[in-house]
Amino acid sequence: MRRWWPYVFVLLICLPAAAPYLGGDIPRSNDSLAHFYRAVELDRLVRSGAFFPRWAPGLAHGYGYPVFNYFAYLSQYIIVLFHLTGLPMLTALRAAYVAALLGSGVTAFLLGRELAGGDGEQAGVVAAAAYVYSPYLLYTAHVRGGLPESLALAFLPLALWGTFHALKPDRSSRPVGFSFILIAVLAIAGFIF
């Protein structure tokens, strides 16, 4: 049975990186307000029954904007999902940023632990801390406010972890586990979406 302390420790390590999103107003970054507006519009469209919209009629000062045609909007769906659970929209925006940073830490932990081999919990914790506090990830999350890219960076180690497991030679005679292939495929799809 796996121990839970490394996961708790990774989440505690990641909390200072997520501290700017744990309270206050809209995060002061380049794109946070744009993500907020898109999430408000997507929430309105989802509540009216358009689950995969192509046109955002409330954007561009009411003239409409085809932002959903060319912009990957999984991050806006996550904000809407948090909002549908009862959080205010601004809190849902901050929760999505925090989830992306914590997800980056957990998935980097999984990959680091696996690459270390054996009982590599310590290596996984170091990999998680190095990944979450890497300058590019922090710059993307805090300065640029690139929520979709922060979320994609959380899917990247998960895709590598699933691919590593799917390609790992198994010493038994059973075939490669379908679940790891599915994890890798879904992580790559999440990376794109």
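Me: What should I know about the model before I start?
Reply: The model is predicted, so local features need pLDDT of at least 70 and side-chain atom pairs count only at pLDDT 80 or more, while totals for chains, interfaces and linings use all residues. Residues are numbered from 1 along each chain as its sequence is written, and side-chain values use heavy atoms, with hydrogens and water left out.

Me: How many helices and strands does the chain have?
Reply: Helices (H or I, at least four residues) and strands (E, at least two) are DSSP runs, numbered from the N terminus. The chain has nine helices and zero strands.

Me: How is the packing of two helices described?
Reply: The angle between the axes and the distance between them describe two packed helices. Axes are lines fitted to C-alpha atoms over the stretch in contact, and angles run from 0 to 180 degrees between N-to-C directions. Here α4 (residues 74-84) and α8 pack at about 95°, with axes 8 Å apart. Contact (heavy atoms within 4.5 Å) is made by Leu74, Ser75, Ile78 and Ile79 of α4 and Leu147, Pro148, Leu151 and Phe155 of α8.

Me: Is Leu160 buried, partly exposed or exposed?
Reply: Buried means under 20% relative accessible area, exposed over 50%, and partly exposed in between (1.4 Å probe, protein chains only). Leu160 lies in helix α8 and is partly exposed, with a relative accessible area of 45%. Of the 193 residues of the chain, 43% count as buried.
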